[in-house]
Amino acid sequence: MRIFLDTANINEIRQAAKLGIISGVTTNPSLVAKENRCDLRDVIREITSIINGPISAEVLSSDPRGMIEEAQQISSWSPNVVVKIPISAAGLEAISALCLRGIKTNMTLCFSLNQAILGALAGATYVSPFVGRLDDIGHDGMALIAEMVKVFRQYGFPSQVIAASIRHPLHCVAAARAGAHIATVPYRVLMQMIDHPLTERGISLFAADWQRIARG
Ligand code: E4P
């Protein structure tokens, strides 16, 4: 499973990039707004200068024509940009048209297996089920990931499954077990994935033992 960072915060992206484990970044309008940035192109260009991998940027239009025009603009910013399009009839129409033009897409706001199948049939490069938001309303977000992975494999759909709306480290473990191609994680969760109390205790113990012997 590959790890993407789910943020529009440049500092977080810079810090995480140093670890050498981040393969891409996903943003959405809320994440960009949270950074008080209103020029999406500047944000995405900055991200592409840090991470050499797929960077998702979302369209705001709601009609197919507007989505396609916006997607063409967005994809001209960098060869690494992936256009995020919410699932809807308009979204599917746009994804199909963009697929024919060779523009990579990430079908977002996916909450059901039916939506996921339609996205794959339309030719979405990535399909993003939001596990945390499903859990929030008492559904089993991770079950959707497992079903998608199984069905995509069964029919040879090339779309990759991005486990999105990840809220805690257990979501990452479950996404890996379920066979998600990618988990897109907030910076806070990435840091939690690194930590383990026994590692910290072990490092302190090694240092203390070494100090004792070094002091003679
Ligand atoms: C994914 O592409 C989305 O940007 C993101 O995971 C949404 O997460 P949220 O439900 O925490 O807003």
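Me: How far does a polar side-chain atom of Asp 6 lie from an oxygen atom of the ligand?

Reply: This is a predicted model, where local features need pLDDT of at least 70, side-chain atom pairs count only at pLDDT 80 or more, and totals for chains, interfaces and linings use all residues. Residues are numbered from 1 along each chain as its sequence is written, and side-chain values use heavy atoms, leaving out hydrogens and water. For Asp 6, the distance to the ligand oxygen is 2.7 Å.

Me: Which side chain has an N or O atom 3.0 Å from an oxygen atom of the ligand?

Reply: Ser 165 places a side-chain N or O atom 2.7 Å from a ligand oxygen. The side chain at 3.0 Å belongs to Arg 167.

Me: What share of the ligand's accessible area does the protein cover?

Reply: Accessible areas come from the Shrake-Rupley method with a 1.4 Å probe. On its own the ligand has 350 Å², and the protein covers 85%.

Me: How is the aromatic pair of Phe 111 and Phe 130 classed?

Reply: Rings of Phe, Tyr and Trp (its six-membered ring) pair if their centres lie within 6.5 Å; planes under 30 degrees apart are stacked, over 60 edge-to-face, the rest tilted. The structure holds four such pairs. Phe 111 and Phe 130 are 5.7 Å centre to centre with 65 degrees between the planes, and the class is edge-to-face.

Notes:
A polar contact is a pair of N or O atoms within 3.5 Å; within protein, one must be able to donate a hydrogen and the other to accept it, and residues adjacent in sequence count only if both atoms are side-chain atoms.
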